[in-house]
There are 2 protein chains.
Amino acid sequence: MKDAMEIPTELAQLADSLAAGLVRVSSVFEGALSSEYPPVRRLCTHVERYRGKMLRPSLVLLCGAAAHPRASESSIETVCTGMHDVLGAVVEMVHMATLVHDDVLDEADVRRRGATVNRLHGNEAAVMLGDYLIASSFKLCASLDDPRFTRAVGRASAVLCEGELLQLHHREDYSLDEPTYFEILDRKTASLISCACEVGAVASGASAADVEACIRYGRNLGLAFQIQDDILDLTGREETVGKSVGKDIEKGKATLPLIHHLARADETLRATTLLALADAPRDPARAATVVESLKSTDSLSYSRGVARDLVGAARAAISTLKPSPAAAMLTAMADAVISRDH
Amino acid sequence: MKDAMEIPTELAQLADSLAAGLVRVSSVFEGALSSEYPPVRRLCTHVERYRGKMLRPSLVLLCGAAAHPRASESSIETVCTGMHDVLGAVVEMVHMATLVHDDVLDEADVRRRGATVNRLHGNEAAVMLGDYLIASSFKLCASLDDPRFTRAVGRASAVLCEGELLQLHHREDYSLDEPTYFEILDRKTASLISCACEVGAVASGASAADVEACIRYGRNLGLAFQIQDDILDLTGREETVGKSVGKDIEKGKATLPLIHHLARADETLRATTLLALADAPRDPARAATVVESLKSTDSLSYSRGVARDLVGAARAAISTLKPSPAAAMLTAMADAVISRDH
């Protein structure tokens, strides 16, 4: 997340130690995917370029530090262990798998400013590579020999896929309501993010209450993160966001701004919007008119408000943790989630 | 496997108890996939129809019985436990995931006499459903709280995907040699089958030597099984095999009969075959001419011979187990693998 947020001066030391931790996570990640077969290795190297913000490994390390009995120490490496590094790589690998498969589903050509696996190597390689990443993450997680982690990661991954299936089922369903939208988000995004927070805290021997606080933080952060993603898909520019934008409308995904808009619009505006949405898959220019009309119902600012409230809930969830640089960094990260433009 | 083999009379009682065991496995399988969301449940119900021979769960139960210290008892339920049932469901779920994704890769329309998921619900649902199955299998495996099983299943799944990626890399590579073909088979098919044998034996508290014997049995059986599959893809009829046939040539997969043929054919025949193979993806009728020309090099009977030798190796591997009805059934199953026509 470092590149996506302003680091307060008093957290500079912690930020350095987090950066060093992420280097260790990357090295575990790469080691776990170092197949003896050159074609498999080549595909995995491509995926390593997908790794951007490393949000989930950062959360493993920071929750590991913030929920640790010796939380007040300001360096990650004095409280976190090799177990945290492995868990960071595990959750990142599950996340990478979903990115690779999402790109197949979305027929996306660009991801983190590079061509997608499906674009370069075909859908078939992308499907199999995603499977290899999921399986490798479980293999890596199982190497820790601790059922608490395999249980948490297994559960989060299954919930995540359930969320993706639900989302798929509701494609082009513009009667989707907010509760169902949140149910999908909770599963497809918040489950793995809160799992990252959970396993980080558990690996530090945190108390049940502190583990619970980290889980709630992660869940709210995850929801806010996805809402911001959905907003950026409507308003961002491809060069800034670093991946194909405007895809949600093109693929018939109803996200929060649109759901709010359709609920608030009068009958005429609602009908016009639904017509534009129906045309958008064939005529992407029509998506722009939809985005324009969101202004009339203040749907973007409504959505930003919801994301802001969730960030507040995330901050509140960890207010019970002992004050520490890591806890302060978690708070700063929550703020960064909604101020980011990529 | 019951429907694919003749059960010797003296094994009738064991066969009944195996059938009862498979019913328990199915019920664990269905329970683990009973999502609270109707659209997810509907997709999973469709997958249940894919379940055919239940080879892998049968191997979990039979190796569980044959490698058990009380192996001589002829009933599965007196030696196997609920843990075996869960493990049977776990390996079957990993297998189902690969079938669902294979059908996406192969653009197959028919599987076990029904329409494939990708045909009915689109590639996107099939990709996500496969992911949901893999994740659910790990979640289920983790529920056993025993790292030996998560480690074995995680490793086998990663190896399996590596095999699929290797196979993909060698599509339309008609210079593929036998060692590489076997390396692919070993990974994409034999890894999960031997894992089924391994976890079944481990769950019974088998000795290290007996676990090792089961692993070797599974590995050889898996290789023979896949060679027979590859032969049936060339010679079978869709109504008997129950899935789309002739797909390997159409999709540019070099399998053992073809590899042998290309190595043995004289220069002219080799050139004719390569031309027909190059045309086959656009003109499936050309595949028939390739199958016809396999006769001139005896490549089908060569392949059958290799499969027979592997079955012999599988039988030999478990000859060190205590004699028991379960061990006898494993031997009968090995024979059935190459005599089956579907």
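User: How many residues of chain B are in contact with chain A?

Analyst: First, the ground rules. This is a predicted model, where local features need pLDDT of at least 70, side-chain atom pairs count only at pLDDT 80 or more, and totals for chains, interfaces and linings use all residues. Residues are numbered from 1 along each chain as its sequence is written, while chains are lettered from A and ligands numbered from 1 in the order in which they are written. Contact means that the C-beta atoms of two residues, placed from the backbone, lie within 7 Å. Here, 37 residues of chain B are in contact with 37 residues of chain A.

User: Which element gives the most to that side of chain B?

Analyst: Helices are DSSP runs of H or I with at least four residues, numbered from the N terminus. On the side of chain B that touches chain A, H7(B) gives the most, with 14 residues. By class, that side has 21 nonpolar, eight polar and eight charged residues. Ala, Val, Leu, Ile, Met, Phe, Trp, Tyr, Cys and Pro count as nonpolar; Asp, Glu, Lys and Arg as charged; the others, Gly among them, as polar.

User: How are the two copies related?

Analyst: Two copies of a chain are related by a rotation about an axis and a shift along it. Superposition is by least squares on the C-alpha atoms of residues with pLDDT of at least 70 in both copies. Chain B can be laid on chain A by a turn of 180° and a shift of 0.0 Å along the axis, with an RMSD of 0.0 Å. The two copies are thus related as by a two-fold rotation axis. In chain B, the C-alpha nearest the axis belongs to B:Pro147, 3.2 Å from it.

User: At what angle do helix H3 and helix H8 of chain A pack?

Analyst: Two packed helices are described by the angle between their axes and the distance between the axes. Axes are lines fitted to C-alpha atoms over the stretch in contact, and angles run from 0 to 180 degrees between N-to-C directions. Helix H3 (residues 55-66) and helix H8 (residues 178-203) of chain A pack at about 35°, with axes 7 Å apart. Their contact has 11 nonpolar, two polar and one charged residues.

User: Is B:Leu192 buried or exposed?

Analyst: A residue is buried if 20 or more other C-beta atoms lie within 10 Å of its own, exposed if 12 or fewer, and partly exposed in between. B:Leu192 counts as buried because it has 24 C-beta neighbours inside 10 Å. B:Leu192 is in helix H8 of chain B. B:Val91 is 101 residues away in sequence, yet 7.2 Å away in space, C-alpha to C-alpha.

Methods
Helices (H or I, at least four residues) and strands (E, at least two) are DSSP runs, numbered from the N terminus.
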